[in-house]
Amino acid sequence: MTGFAERLKTIRTRICRAAKNCGRDPNSISLLAVSKFHPVELLQEAMECGVTHFAENYVQEAIVKSEALPGATFALSGPLQRNKAKPALQHFTELMTVDRPELASRLLRIAEELDICRDIWIQVDLWEQASKVGGCSSKGIQPILDVFENSPRLPLKGFMAIPPFGLTMAFGDLAVFRNEWQQRIGQRILLSMGMSDDLEVAIRAGTDQVRVGTGLFGER
Ligand SMILES: *Cc1c(COP(=O)(O)O)cnc(C)c1O
């Protein structure tokens with residue numbers, strides 16, 4: 001087995017075990033491969049193992065990789081500047097870091113111009129660390145939803161979060177928060193949280209997706 005295949009197997013085993021330990025179906029948890037800073041050759045290796053969707057944090061880096069790998073698709077998992085809205089919509093199939101209404105309205109206008117549809121995740125920050133990693137507060141959700149108004153162009157797929165390091169409680173808080181919003185708007189909202197070091201805690205708390213970089217690709 002190649003390095004990637006080996007690591008993929010290890011991560012899948014961890015997901016499976018964590019799910020079973022809390023009575024969840026392992027197949028209900030998706031694995032997003034975060035490939036930022038890793039070379040095209042490593043993504044190629046991942047594709048040979050059947051992984052074809054990758055998360056990248058920088059628009060330019062993803063453009064270079066998508067040109068080299070026509071069979072791959074990308075999710076944007078890093079902060080998005082308003083002036084990158086257009087290339088982001090063109091090169092990513094889902095945007096995971098929407099966190100303010102101004103950005104949302106620009107995305108919606110450009111998606112209409114380009115005549116395209118993209119999945120949207122709202123990045124949530126319940127701990128006021130916004131200056132560091134981005135994300136909107138609990139009060140920030142409604143203004144963003146008001147912009148999208150259930151537009152079929154940019155449907156809401158879920159909430160994405162990067163909880164403060166070591167704050168185990170945060171995963172449970174996020175799950176409750178997601179459940180409340182799901183009730184409020186009467187629509188399924190997926191939750192993306194948990195990375196290489198804490199995916200077990202996130203699964204126990206009820207995440208639908210874990211985002212793994214180091215555990216799959218090695219150190220950056
Ligand atoms: C880098 C990154 C990850 C992956 O982190 P690892 O600890 O390497 O697994 C997940 N989500 C986001 C938003 C990231 O920037």
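**Entry 1: the model.** I am working with a predicted model.

**Entry 2: helix H3.** I looked up which residues of H3, residues 59-68, are buried. I found Val 59, Glu 61, Ala 62, Ile 63 and Lys 65. Next I asked what the buried residues of H3 pack against. Two helices came up: H2 (40-48) and H4 (85-91). Two strands came up as well: E2 (53-56) and E3 (73-76).

**Entry 3: helices H7 and H8.** I took H7 as residues 141-148 and H8 as residues 169-185. For such a pair I want two values, since two packed helices are described by the angle between their axes and the distance between the axes. The axes of H7 and H8 come within 13 Å and cross at roughly 40°. Angles under 35 degrees would count as roughly parallel, so H7 is oblique to H8. I logged the crossing as right-handed. From H7, the contact is made by Ile 141, Gln 142 and Leu 145. From H8, Phe 177, Trp 181 and Ile 185 take part. I then sorted the contact by class: 5 residues are nonpolar, 1 is polar and none is charged.

**Entry 4: strand E8.** Is each face of E8, residues 209-212, covered or open? Both faces are covered. Gln 209 and Arg 211 lie on one side, Val 210 and Val 212 on the other, and all are buried. I checked the pairing with E1, residues 30-34: 4 bridges join E1 to E8, and the two run parallel. Within this pairing, I found Ala 33 opposite Val 212 in E8.

Conventions: Residues numbered from 1 in each chain as written. Predicted model: local features only at pLDDT ≥ 70, side-chain atom pairs only at ≥ 80, totals over all residues. Heavy atoms only, no water. Buried < 20%, exposed > 50% of the residue type's maximum accessible area, 1.4 Å probe, protein only. Contact = heavy atoms within 4.5 Å. Axes fitted to C-alpha atoms, helices over the stretch in contact; angles between N-to-C directions. Parallel < 35°, antiparallel > 145°, perpendicular 65-115°, else oblique. Left-handed = near helix turned anticlockwise from the far one by under 90°. Nonpolar A, V, L, I, M, F, W, Y, C, P; charged D, E, K, R; others polar. Pairing = 2+ DSSP bridges.
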